[in-house]
Amino acid sequence: RPSSAMAAVLLLFASCLSLSLTLVQPTPVFTPIEHASLLISYPISDSNVSIYSDPVDAKERGLFDHLPKADIIVITHSHPDHLQPATVQFLLKPTSKLVVPPDVATILEDVGVKSSQITVLRNNESTIVNMESLQFNISAVPMYNTFKNPPHPDGKWNGYVIKDADAFLVYLSGDTSYIPAMNINFGFADRFDQSFLCMNLPYTMSAGEAANATQAFNPKVVTPYHYRNADNSFTNLTLYKQLVAAQAPDVKVAIKNFYPDGP
């Protein structure tokens with residue numbers, strides 16, 4: 001039989017092991033929904049922490065009917081392909097938290113979303129959201145167009161960087177051009193582990209501009225999203241992948257289907 005001292009050591013070791021297992025942050029799973037709509041899931045025990053970005057069911061096809069309710073929703077801006085109040089309300093539960101720009105907060109409060117569930121962020125502001133046993137630091141970063149008469153003006157709306165307790169970084173571009181902040185990785189010292197980058201004309205970037213932007217902020221993995229153009233065609237993702245391979249060979253391009261029903 002072990003001595004009482006040995007038993008105490010074993011008990012302490014078991015406690016530390018249990019604590020370390022509790023503190024391990026799960027690896028996120030990324031599920032494309034459509035266009036700019038994305039689900040980020042963090043599996044914990046027998047459930048998930050579910051983070052939605054710009055949830056929209058444009059054709060009201062029940063895209064979210066079989067998906068979990070939201071723990072966190074981040075919304076980049078108020079254009080209708082990024083903000084659909086009815087879908088937001090459908091996904092909400094009493095404990096849900098939303099992180100949004102100022103005008104989006106006003107729109108959601110006007111349709112009955114509780115202000116206590118909403119955190120307003122402007123560019124270069126951040127907030128900490130605790131959900132279940134997990135903690136997320138959500139930062140608002142610039143997203144805007146650099147051309148004349150921009151549909152997305154500088155300073156009004158947000159891209160986001162979501163950082164979990166393991167410092168896994170997810171970048172959501174929203175609708176943006178290649179902007180100067182990308183040249184310094186939006187001020188983050190570490191490369192983004194996963195990024196989602198818009199590319200559609202005439203509202204955001206061409207494949208070439210998006211490749212230049214990717215080279216600038218140099219993520220570990222980049223996935224194109226929001227790649228349907230105004231004429232209903234798709235951005236040439238094969239060209240984009242080839243350009244990134246030539247300009248930034250240490251960046252992995254991971255293509256996901258954001259348009260399961262086609263154009």
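Accessible areas here come from the Shrake-Rupley method with a 1.4 Å probe, and for residues only the protein chains shown count as cover. On that basis, the chain has an accessible surface of about 12300 Å², with 55% of it belonging to carbon and sulfur atoms. Keep in mind that this is a predicted model: local features need pLDDT of at least 70, side-chain atom pairs count only at pLDDT 80 or more, and totals for chains, interfaces and linings use all residues. Residues are numbered from 1 along each chain as its sequence is written, and side-chain values use heavy atoms, leaving out hydrogens and water.

**The whole chain**
- You'll find five helices and 13 strands in the chain; helices (H or I, at least four residues) and strands (E, at least two) are DSSP runs, numbered from the N terminus.
- The radius of gyration, taken over C-alpha atoms, is compared with a globule rule of 2.2 Å times the number of residues to the power 0.38.
- For 263 residues a compact globule would come out near 18 Å, and the chain's 20 Å agrees with that.
- Along its principal axes, the C-alpha trace spans about 80 × 50 × 35 Å.
- Of the 263 residues, 48% are buried, where buried means under 20% relative accessible area, exposed means over 50%, and partly exposed is in between (1.4 Å probe, protein chains only).

- Strands of a sheet pair through backbone hydrogen bonds, either parallel or antiparallel.

**A look at β12**
- Strand β12 (residues 221-225) pairs with β13 in the parallel sense over two bridges, and valine 222 stands opposite valine 253 in β13.
- β12 also pairs in the parallel sense with β11 (residues 194-198), this time over four bridges, and cysteine 198 stands opposite tyrosine 225.
- Five of the five residues in β12 are buried: Val221, Thr223 and Tyr225 point one way, while Val222 and Pro224 point the other way.

**Out in a loop: threonine 27**
- Threonine 27 sits in the loop between α1 (4-23) and β1 (29-34).
- Is threonine 27 buried or exposed? Threonine 27 is exposed, because its relative accessible area is 60%.
- Beyond its neighbours within four places in sequence, threonine 27 is in contact with Ser41 and Pro43; contact means heavy atoms within 4.5 Å.

Note on methods: Pairing = 2+ DSSP bridges.
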